[in-house]
Amino acid sequence: MNIGIIGSGEMGSCLASKFVKLGHTVSIANSRGPVSLQQLTEEIGAEAATVAEATKNKKVIIVSIPTKNVPDLSKSLFKDLPEDVVVIDTGNYYPNLRDGAIPALEQSGIDSLWVQEQLGIPVVKVFNSILATSLKGMGKTKGEKNRIAIAVSGDDTKAKEVVFKLVDESGFDPFDVGTIAQSWKQQPGSSIYCRDINLDKIKKRIDAMGTAWPDMRNVIIAKRKADEALMKADYPAYLRGLQD
């Protein structure tokens with residue numbers, strides 16, 4: 001499968017390496033250009049590309065950049081894509097840690113719904129609620145005990161089927177959270193965010209959140225803000241807190 005990745009940070013690089021090892025053809029791009037990616041791509045076997053090249057003739061396009069940078073992507077990149085191209089958003093909104101306050105997102109509160117509106121194309125939210133270190137080293141074969149589950153949200157059923165296969169072959173169990181409007185359940189501050197839990201536990205936690213965003217909004221945003229403060233002050237302590 002031809003996969004393009006926009007973003008060469010920790011998650012983008014981790015996904016590029018993993019998918020190359022699984023036999024996919026991967027192009028990776030960033031805002032600094034292909035020259036800045038030569039060492040990375042030589043190490044992992046991916047192809048360094050421009051952002052435009054990372055969206056051409058691809059079955060899957062992964063957007064893995066800070067939320068604040070999403071509006072900088074040209075809408076023309078996604079305007080004329082074939083209908084069967086899957087666009088993945090791995091991002092998370094951290095206004096107090098990295099992104100600054102984005103007024104429209106502050107109002108809606110649903111990260112990937114806003115990203116979808118910015119890009120002008122349906123997206124699937126996945127790989128946002130797992131640490132890159134877990135993604136890199138904790139995959140298991142299907143059927144193994146306590147295989148970690150990864151949350152997936154999106155409006156396009158066929159696109160999610162493609163994503164489910166990618167998650168599964170990566171060594172994790174996909175869990176369908178629902179539509180992109182329900183993707184708040186896997187955002188920072190939620191009870192499944194970056195927890196290395198199995199299908200049974202993720203289902204119980206998702207069910208416990210219910211379906212009404214207004215009912216959970218204040219709780220999840222307050223937890224995200226507390227986590228941002230802890231990450232700034234003591235990141236190891238934040239990581240230890242994920243073990244619940």
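A core here is a set of buried Ala, Val, Leu, Ile, Met, Phe, Trp, Tyr and Cys residues joined through side-chain atoms within 4.5 Å; buried means under 20% relative accessible area, exposed over 50%, and partly exposed in between (1.4 Å probe, protein chains only). Helices (H or I, at least four residues) and strands (E, at least two) are DSSP runs numbered from the N terminus.

Not counting residues up to four places away in sequence, Phe127 touches Met11, Leu15, Phe19, Thr90, Leu135, Ile150 and Val167, where contact means heavy atoms within 4.5 Å.

## How the model is read

The model is predicted: local features need pLDDT of at least 70, side-chain atom pairs count only at pLDDT 80 or more, and totals for chains, interfaces and linings use all residues. Residues are numbered from 1 along each chain as its sequence is written, and side-chain values use heavy atoms, leaving out hydrogens and water.

Eight strands make up an open, mixed sheet in the order 3-2-1-4-5-6-7-8, two strands being paired if DSSP finds at least two bridges between them. Strand 3 (47-48) and strand 8 (173-178) are at the edges with a single partner strand each, so one side of each has no neighbour in the sheet.

Strand 6 and strand 7 (residues 149-154) run antiparallel and are joined by two bridges; Lys125 has Ser153 in strand 7 as its bridge partner. Helix 9 (residues 199-209) packs on the sheet, where it touches strand 7 and strand 8, and its direction makes about 10° with that of strand 8. For such angles, axes are lines fitted to C-alpha atoms (for helices, over the stretch in contact), and values run from 0 to 180 degrees between N-to-C directions.

In helix 6 (residues 111-119), the buried residues are Asp111, Ser112, Trp114, Val115, Gln116 and Leu119. Their cover includes strand 4 (60-63), helix 3 (76-79), strand 5 (86-89), helix 5 (103-108) and strand 6 (124-125). Gly120 follows helix 6 and has a positive phi, near 75°.

Gly91 sits in the loop between strand 5 and helix 4 (95-99). Gly91 is buried, at 8% relative accessible area. Leaving aside neighbours within four places in sequence, its contacts are Val63, Ile65, Lys125 and Asn128.

## Charged pairs

The whole structure has nine salt bridges, each a side-chain nitrogen of Lys or Arg within 4 Å of a carboxyl oxygen of Asp or Glu. Arg147 pairs with Asp168, the closest N and O atoms being 2.8 Å apart. This pair links distant parts of the chain, 21 residues apart: Asp168 is in helix 8 (residues 157-169) and Arg147 in the loop between helix 7 (132-137) and strand 7.

Arg147 also forms a salt bridge with Asp173, at 2.7 Å between the closest N and O atoms. Both Asp173 and Arg147 are buried, whereas Asp168 is partly exposed at 25%. In helix 9, Asp207 and Lys203 are four residues apart, about one turn of the helix, and their side chains meet in a salt bridge (2.8 Å, N to O). Salt bridges that share partners join Arg147, Asp168 and Asp173 into one network.
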